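This report describes how charged side chains pair in the structure shown below. Please keep the sequence at hand while reading.

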Amino acid sequence: MNRNHLARAQRDPNIEGLIESFELAFRMQSEAPDLMRLEEESPATKALYGIGEKETDDFGRSCLLARRFAEAGVRYIQVSTGYKWDQHKDLVDGHNKIARATDRPIAGLLKDLKGRGLLDDTLVLWGAEFGRTPFAENENGRDHNPQGYTMWMAGGGVRGGLAHGATDDYGRHAVTDRVHIHDLHATLLHLLGLDHERLTYRYSGRDFRLTDVHGKVVGQILA
């Protein structure tokens, strides 16, 4: 499929879309090798992310790649630790280990983005699928808890140094300034310049949108 095919078919949005997606894929493949080369980064930058040290090297490299991708104009980047946080036993040892592996690289990423003037228009979201219960599971673990947990954001139009909302005294349920997951999504879309309500479309007799026709922007956290 090429531009000659498109010319013969006249204007066809499906063909145009396919060609654009193929061309985007080619551009990504062409640019990726240079972006993946960390050798050109300075020793100081690598040390900032903990690269070269046993505990932080793996995640540090991922965070440094995230900065390089953001600097190159990549619009959406995900850095994952896999399922290492999903622990139902040996919670203290397990969480201490992954915290040591991720804390320094994350701090390095934020500092690096800020130092390069990228943090103002780059939104960083740290989170997981849910939190942990305040009571024990299998003596030394914790079960899943979707009723009250923490996510944090930095840069990209959010207020710095603000803690919004609180759980009950046991950490079981969110009780103050509760933010539903649809509210979080509505706020993220707002920070990206999208009005989630304008994304509503009608299908099979009901309205749909990314926030499932729910959600409100949490204005208190906006800069």
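## Salt bridges overall

Across the whole structure, a search finds 15 salt bridges, a salt bridge being a side-chain nitrogen of Lys or Arg within 4 Å of a carboxyl oxygen of Asp or Glu. Side chains of opposite charge can pair when their charged atoms come close.

This is a predicted model, in which local features need pLDDT of at least 70 and side-chain atom pairs count only at pLDDT 80 or more, while totals for chains, interfaces and linings use all residues. Residues are numbered from 1 along each chain as its sequence is written, and side-chain values use heavy atoms, with hydrogens and water left out.

## A buried pair

Glutamate 41 and arginine 68 join their side chains in a salt bridge, at 2.6 Å from N to O. Because glutamate 41 lies in the loop between helix H2 (13–35) and helix H3 (43–48), and arginine 68 in helix H4 (residues 57–71), the pair ties together parts that are 27 residues apart in sequence; helices here are DSSP runs of H or I with at least four residues, numbered from the N terminus.

Both glutamate 41 and arginine 68 are buried, where buried means under 20% relative accessible area, exposed over 50%, and partly exposed in between (1.4 Å probe, protein chains only).

## Partly exposed pairs

A salt bridge also links the side chains of arginine 37 and aspartate 34, at 2.2 Å from N to O. Arginine 37 is partly exposed, with a relative accessible area of 41%, and aspartate 34 is partly exposed as well, at 45%.

Aspartate 212 pairs with arginine 206 in a salt bridge whose closest N and O atoms are 3.0 Å apart. Aspartate 212 is partly exposed, with a relative accessible area of 31%, and for arginine 206, also partly exposed, the value is 37%.

Through salt bridges that share partners, Glu40, Glu41, Arg67, Arg68, Glu71, Asp112 and Arg116 are joined into one network.

How values were computed: Helices (H or I, at least four residues) and strands (E, at least two) are DSSP runs, numbered from the N terminus.
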